[in-house]
Each structure stands twice: as structure tokens, then as C-alpha cells.
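This report describes selected features of a predicted model. The sequence and structure are shown below.

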Amino acid sequence: MENLVYIALFAPFASSLFAALFGMSQREVFVGIVASMFIGTAFISSLLLAIHLYTTGDVINITMMDWIHAGDFNVSFGFVVDQVSVTMMTVVTLVSTVVHVYAIGYMDHDKSFNRFFSYLSAFVFSMMILVMSDNFLGLFIGWEGVGVCSWLLIGFWYHKADQTREENPSVSPSWAANEAFIVNRIADLGMLVGIFVLYWNTGTLKYDEVFAQLPYLNNGIIVTATIALFIGAMGKSAQFPFHTWLTDAMEGPTPVSALIHAATMVTAGVFLVIRANPLFHAAPEVSFFIASLGTFVAFYAASMALVERDLKRIIAYSTLSQLGYMFAAAGLGAYWIALFHLAAHAFFKALLFLGGGNVMHAMHDELDIFKMGGMKKEMRGTWIYMTLASVALAGLPPLAGFWSKDAIIETAFNEHTYFLWIMLVVTAGMTAFYSFRQVFMTFHGEDRHTPLGFHPHEMYKFVLIAMSPLAVLATITGWYMKEYEDFITELLPHYEMSEHTHHLASWLGLVVLFFAISGIVWAYLKYARIGRHAWKRDKEKEQGFFYKLLKNQYYVPKFYEEFITKPYAMVSAVFWEKVDLKIVDATVDNIAKAFYKSGDATRGMQTGNLSNYLNWMAVGGVLLLVIAAISAMFV
Amino acid sequence: MDNILSVLVFFPAVAGLLGFVIDKESARAYGITVATIEFLLSLWLWFSFDMSDAGMQFVESIPLIPNIGISYYMGVDGISLFILIMTTLMTLIGMASMSVTKNIKNMIVTLLFLEMTMVGVFVALDAIIFYLFWELSLVPMLYIIGAWGGPLRVYASIKFFLYTFTGSLIMLVGMLFIAYTYYSVTGIWSFALTDWYMLVFPKSMQLWLFAAFFIGFAIKVPMFPFHTWIPYAHGQAPTIGSVILAAVLLKMGTYGFVRFSLPMFPDASVMAIAPIAVISIIMVIYTAMIAYAQKDMKQVIAYSSVSHMGIIMLGIFAMNAEGISGSVFQMLSHGIVSGALFMLVGVIYDRRHTKLLSEFGGLASVMPKYAVIFGIMLMAAVGLPLTMGFPGEFLVLLGFYKVSPIMTILAGTSIILGAVYMLRVMKKAFFGPVTNKENLKLKDLNSRETWSLIPLVAIVIWLGIYPKPVLEPIDNSVKAMLHFMDEKAITQEAKDIIKLSKSTKEAK
């Protein structure tokens, strides 16, 4: 079994190195195929490990080698395969395999095809380190590793020039990449502080050993550590106020958005909370904050998706919103439900994004849904996939999203946090509305693209086939919720609904369904019809206050630019030109000049005239006598 | 080979003297050969180094002027060993990558002399010998900047020389005072560091002496507000000068703190934690911001050096093995990484004769190999895990967290601000469309440049994944030093703050 662990971990690394060998040469299709096979191998190994764990219940621990050892600090490369990590490993490698195959088709015209696979596989490798490590610093390696891969992939089309925010809200791929990296770094500092707190109070960073010492730690330390770790999680999972980078990250190629910015990397923050659940469980105040923030982000992101026109940005907002749901569940103590939603979300959201990629491919990178409409004729397969994924996202039975999201909403009711419950229910309605607004605007209604000269075509067949596993999983995952619960609660705490909630469960479910279906129906009436009832652009409404507020993302990016980015550049320039050059350096030069000038001024004494020298000698002698007399007075 | 250290110190100098009679055409090959032999010798030193011994090894001691206690006294421990190896490595690589053709023979001879003085500083255990090498190292650098530098080279080299020289004079006064004290206590003159370690000074005297040494070292590091010579020195120096300056000469200052200030004045060092931490944090934040405002690529790296040196200073004053070992490791990491970055800037300067960021853009598509290596070094500079930049920076911050969480968070902004200015360079120079036509024809790295950078890339990754072979001997010596400081400290506060590791090995 140990070998399987190593294969699962290092196959993506081998894939990345292999593709890197051809990184600077012409597009070679076999690079994509070999890379996909490597990732597929990692998936099969992960699956075998999952089956092994399911049947025997043996957790595998491996210590590969020492890493950093100084003073009493000692951290090794150690890996653990338990219920939580094996879930993540399977999900990550499965989605990655699909995305690798998909990318062979999607990137077929890109001259940097080989380089793309190298980065993509490197990402998978980092993600595997992140989920498999048995200590916080190992997790941090993966954490930073996925950050770099995300930077490389968002900025993959680095040659594009910057545009103004009005032309393109994400400015340019390289700008968006830098934003993502820097925002994540801010949060990572929080994470590092969490690591420092844990190390100095427990003397170790291994999960088991840290959690074993929890009973001996005082509350202040646990609260500090959880806050700090959660700040890290907020960055990676793009929670408010670190959320702006995620929508800008849509500048990356669509397979990247599907894999990194929807299915896997952005869920790392949720994973961290689940992984450190004993710690977060011991800090109920922090956990409640997490749940509240999650609920807020769920609502906040959904509201911005309502008016967005960019296909990928709509899906990005929905990712943000679903991450909020996951945090809500984790914060309320339903860790396994959060993990279940994470997995279900990975499947249907990756499917949705890849479908969006097909549309984008067909429309030659046009993403404005106002310019689409009626495309289901040309792109039947994609239409089915995207509708399926949207149904799952909207939370209609029997698809995956229904089971996982309903459980989260029920948890909020069960914890008597009724306000959170209401927010989550309303958000579910909004989710259904914006998902179907996007589906209807793209595939139904009047054909708006042909007059604009677009002639969309369906994606390659092998790409559509490659997407099918996701479609199947987006459908059936929810049916195995009970089995999964039995499996995962070997490690994660059980979460039982109270008698009262249990009693009301079906009514609660109906409320959620009512909101979801109303959202869909409303979207249908507004956007899907043709002829007399067809959707028409209402420019007047677009000038409304709320519309503009939402369209401009509540002016948060603008705020960051005006109050952080610009002042930082200004202060930096002042520090350099006014302080460093004019004060610090000028002082040094002035001291030097003072010496030089005093020398220059007294040079006149050196006349070469003996009587002058005697005069000066007399002056000196008198001066010495005076000094001697004065010092004698004090002694 | 009992006198390996003497060989290491004087071989380059003797070879340098012979270099005068070498033909101009073969001067470069000759220099590289000598530097290679020197590097191999230093590797040999590492292999015969006893990893379990935390004390001084390969000690040589010959009385020079017995009347006043000056002796030829040398040795290495875990702390100096790797700085020494880095010195020989960076001299070799710097020389191999050098594109200078003007007066090449003089350059080679100067570099070999410089190598002697640098190795000498790190192995000297006698204060006078240390001081001699310390001051002598200024001369070749003065010449390198003054003779091969840019338009402001005379101003820059004189500023560099006078500034650091003034600092060291104050340090010399401190040294003479200690020797005198030693004489008045024991009745014999001695300048041997190991003898000086035995002196226990009263607190106030420790503070004065600490201050004297501080000025000498702080200017060299350079610490805020004594850092303004460095942008000029880097700005005017040829690539090779910047590489050596950043990689090795700055480390003399931080090494001085570890070798002199901490073990000799433990109480004063503990009292200096707060002020030094404040200065270090200013260095980290303030110079990182200045680096962000720069228009010249090389100045960004120059200011980033100061910012990184802030982290190193912070680690030295963490007073625990995590912080100090991390700090020494970070010295090595900064040496390799900033050396490589200066070489990379040199590559583009050789091609375009400008370093202004506004002249570039889109280089990644014209020079992909160059962009990849720059990217790797950039990631190491911002402390990405599994590169060499991470263990040091992490351990420093970890160590200092024990002393002050708030200050650690402030200094920790280095991981953010570092990314801010480095990514700006990456974006401006490498990303975006190629706007300047002149950049379209640029050639990617040639084989000389590639093969001098690849070893550095390999080291950066190797020591990021497996720092143990280097970190372990450093850590042993650091633990022993802390143990010694704890025993020697006279005040209770100092004893409380100096944190001993559970696994300390005694110095033999």
C-alpha cells in the first residue's frame, strides 16, 4: 500500500517534469496524452487506497525523510492516508484527470500547449502534498505550491497587455495572477502565525500530536491559533475580504478555472478547517464566526452573480458562494457535511466550468452572455451537461447538490442559528436564479449570436466523452450520502440532527425546494422565451443604483485600488525620493561635506610662513592651557 | 592536511600574484582554474569536517607578535564553514559568468585577492587578523567599483570605502579596549577570540563595547539608517562586483554579530533585542517599499538585499537556536539567491546596456530560458517552500515569535512585500506584449550564462528540499554558542531570554 501512496503523490510530479522537458518546443499532442495518463495513474492509486481504507479501515502513515531541523524544531516530509485525505485525493485526481484530457482538446491551438501541461500537473502534485501531509508545515508546502501554480496558470497568457478596468475588470492575465499571489500571501502570513503559535505551545506540528495536546492548552492560545489559521484559509478560499482575486483569476484558461479555481485549490481553506477540526471545535466563538462569514459570503457572492454578464465570472461567483456554504457547515460543526458538499461541488462545478469552456471555445473567447442565446441547437452535448450541472448547483433532487446543500441548510436550522438559515435559504433561491439565467441566456431564447457573426460549433467528441464521468458523478454522488457518512465519521465527528429538526426535515427541504424552483421559473420567464416575450436589454435598469452596485462588485476592487494599491505606491515613492535620498542619504553626505569643508577652510593656515605657524602654535598652547584649567576645576 | 585553512586563505592570493605574469588571453581560464581548485579545497574541508563537533576545527595557531599577544589563529565551526564554502562558490561562479573584457587580467587578480580577504575574515579567530582581512577586503572592491563601474563610479566607490572604513575604525577601538581589559585582568596581552570569550564584562561596559562593534558591523550589513551606500555601490558596480558584494561582503557584518557580539556581550545583546528588532523591521518594510518604487531593475535587487538582511538581523537576535540557525542559513540563501539575481540583471544589461524596467516588457516570450531561471530565483527570493529561501526565513520568524509575536508579524510582512516588489519586476520586464522593438532580437542565455546559473538553481532546490547537511552543523554550533552565552550571562533577564535547546551538544 505504501507504494500506492508514493505513486499517487509522485505520478503528477513525473508528469510535470515530463511535460517540462518539452516546455519550450512545439505543441506535441503526446505530451498531453502522457500527462493525462500519469494523472490517471494517480487517480487509480488514490481510488485503490480509498477502497483499501473502506474495506480494512487501516490508516497509512509514512515518513519519507527529514526536512527542517533546527533547535528543538523538527519537521519531516510525512504523509497520512486517512478518510479525509483519501476523499480529497480521489476527488482531486479524478477532476484533474478529466481536466487534463479536456485540455488536450481545449488548448489544441495554443502554442504553449506543452508548458500548460507541465504547470497543470505541477499543480496536481502541490495539491496532493497539501492534502496528504501529516503536519501543518507539509500542508504549507502544498499551500504555497498551489499558489505558485495558480499564479503561473492565471498568467498563462502573459503576453496580453493591461487594459483599463472598464474594458476588462481583471485588467490582464499577468495582473490577475499577481493579485492572486499577493492576496494569498497576505493570508499566508496569518497561516504562518498560526503555525508559530502551535509550535511554541505544543512543541510539534504533526496533526495528531497537536490535537492530543489540546486539553492542556488554554483557551486564548486555541483562539489565537484558530483565528490565524482561518485567515490563511480565507485567502486560499477567497472569503471576504480576500475574495476579489478569484473572479479576476478567470483570466486563466478555462481548464484552469475548472480545476484550480472551482474544484480543488479554492477548497483548500475548507479542507484546512476540516483537517484541524479538533482545534476549531475547541474554539466555538471562532467557529461561529466562520459560519457567519461563510453565510455572508454565500449571499454576497450570489448577489453579484445576479447581474454579471461574463459567463466565467458568473460561475466564479457561484463558486465563491458555494465555498461560503461549506464554511457555514464547517463552522457549525458539521465537518463531514462540509466535506461532502466539497466533493459534490467539485464534480458539478468542474462540469459547469468545462461546459463554459466549450462555449468559450465555440464563441472564440467571447464570454458575454448578452451576445449568445439559442445555442442549444449547435451545442447539444454541452447544453445537456451545463443544464445538468446547473440543476445540481441549484439543488434539485435527485442531483448531488440537493443532498449536500440541503444538509447544510438543515444544519443551520438545527443549530438554532435561524438567521443563517434564512440567509442560506434565500441564497439557494438566488443560486437557482443566476445559474439558470446563465443557462437560458446562453442556450435558450432568441439567437443573438448569429447577427454578430458568430458561428459556434460543438466541441470535439472525445472532450465531451471525457466530461461524462463528471456528469455521472454530479448526478449520483448524493445517492451514496449515507454510505459516505459511515465511512467518513470513522475520523470526523458525527453530526446528528435533533429530534425536532428530524421531525421537520421534509418541511425544511420543501422550503428550500420552493425557493430553488421559484428562482428557476423566474429565470425561465425572463430569459428563456422567444418571440413577444423574449428578453430585451433594459438599459435604464442597468443605470439603477443597486444594479450598478452589484455590477461593480460593491466597489470593493475600486476601494482596494484607491485605498491600498495607490497609497502604497505613493508612500513608496515618497520614502525613496523624499526620505531615503533627501534625508537619510543627504545627512551622510552632509557629514562628509562638513569634514571636507572644515579641511578646506582651515587650509588657509598652511601658508608656509614660519611666523604664521608660530602664531597658531601660541593659540594652540593657550587653548590647551584653558582646557587643562577647566578640567582641573572639575576633578 | 593540518593547515588546510592557511592554504584556503593564501592559495588565491599567491595564485593571484602569479597571475601578473600570465598572458592576457589566458587570464580568464587561469582565474577560473584557481577558483575551481579553491572551491574544491573548501568542499574537501566540508567532507573532513566533523559534523558532531560543535566547536572550532582545523585550528591553526602560530604566535606572530607574542609581546602584544597577536597570533596567527584560525579555525572553522559550523557557522563559518558554510559561509566560507559559499564564498568560494560565488567567487568561482561570478568569475565564470563574467562578461568583462576590459583589463581582464587586472580583474582576475583583484578577484583572487578579494577571495583571500573574504576567506580570511571567516576563518580568523584572532581579532587583529580578523580586522586586517576585514579592512583589506575594501581595497579590491574599491578598485572593482572604481575601475569597472558606471558613470558615478568614483563617487560610489569612495562612499563605500569611507563609510565602511569609518565604521570599522570604531570597531577597532572596541577591540583595543577589550585587549587592554584582558591585559589588566590576566596580565598577558591576547587578541585571541577564544581568550576574549572568557572575559565577563560588567553590564555598562558591555553596552559600550556592543555599541562600538555594532557601528562597524551595522554599516557593513547594512542596517538602516546606514544603508545608503549600498544603492550607489550596486548601481555603479559591474555585475561581478554586485554579486560578490551582495553574496559575501554583506555577510561579514551579520557574521560579525554572531562571532563577536553575541558570545562576548550576552547581556548587552539581550538588552539590544528591542532596538535591533525595531531597526530590522524598518529595514524589512521601509526598504521593501523603496524597492517597489525603483525604476531600475538592479536597484530593486539592491534594496531587496537590505530588506532581506533585516530578516537575518532579526534572527540573530532571537536568542534561540531556531532563530539563529535560521539566520545563518538565510545568510547562505541570500548569498546564493541575490548573487544569482544580480547575475541575471547583468545578463540583460550586457545585451541592452540599460537596466530600466520601462525599457523592457514581454521578455518571457523572447528569452524563455532566462525567464524560467529568473522565475525560480524570484520564488526563492520570496521564500517559497522547497526552495532555499524558505527554511531560513521560516526559522527566523519562528524563532523571533518566541521573543515578540507583534514584531514577528510586522517582520513577517516581508513575505508579502517581497512578493509585491518582485512580482512587479516580473510583470514589467517579462510579461505583457513586447513593446520595445529592440527587445525582439534579444538572444536567450548563452551557454556560459546558462552553465553558471544552473548550479545555483540546483543548489537552491537541493537545499530547499533537503537542508539538513548544511543546517545540522550550523545548528550544533549555534546551540553550543547559546549554551555558552547562557552560562556567561550575568543578568537574570538575559538568562531568561536566551533559550537553550533540549538537545544541546557541548563544544569540545
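A:L388 is buried in this predicted model, because 20 other C-beta atoms lie within 10 Å and a residue with 20 or more counts as buried. The residue is found in helix α16 (residues 380-394) of chain A. Leaving aside neighbours within four places in sequence, A:L388 is in contact with A:A471, A:A474 and A:T475. A:I488 lies 100 residues from A:L388 along the chain, and the C-alpha atoms of the two are separated by 27 Å.

In chain B, helix α15 (residues 321-352) and helix α18 (residues 389-403) have axes that come within 7 Å and cross at roughly 150°. The two helices, α15(B) and α18(B), are therefore roughly antiparallel to each other, since angles over 145 degrees count as such. The crossing in which α15(B) passes α18(B) is left-handed. Residues of α15(B) that take part include B:F329, B:Q330 and B:V337, and they meet a set in α18(B) that includes B:F394, B:L398 and B:F400.

The two chains also touch, in a contact that takes 48 residues from chain B and 40 residues from chain A. Among the elements that give two or more residues to the side of chain B that touches chain A are α13 (273-293), α15, α18 and α22 (468-488) of chain B.

| Contact | Nonpolar | Polar | Charged |
|---|---|---|---|
| α15(B) with α18(B) | eight residues | nine residues | two residues |

Notes
Residues are numbered from 1 along each chain as its sequence is written. Chains are lettered from A and ligands numbered from 1 in the order in which they are written. This is a predicted model: local features need pLDDT of at least 70, side-chain atom pairs count only at pLDDT 80 or more; totals for chains, interfaces and linings use all residues. Axes are lines fitted to C-alpha atoms, for helices over the stretch in contact, and angles run from 0 to 180 degrees between N-to-C directions. Helices (H or I, at least four residues) and strands (E, at least two) are DSSP runs, numbered from the N terminus. Angles under 35 degrees count as roughly parallel, over 145 as roughly antiparallel, 65 to 115 as roughly perpendicular and the rest as oblique. A crossing is left-handed if the near helix is turned anticlockwise from the far one by less than a right angle, and right-handed if clockwise. Two residues are in contact if their C-beta atoms, placed from the backbone, lie within 7 Å. Ala, Val, Leu, Ile, Met, Phe, Trp, Tyr, Cys and Pro count as nonpolar, Asp, Glu, Lys and Arg as charged, and the others, Gly among them, as polar. A residue is buried if 20 or more other C-beta atoms lie within 10 Å of its own, exposed if 12 or fewer, and partly exposed in between; C-beta atoms are placed from the backbone.
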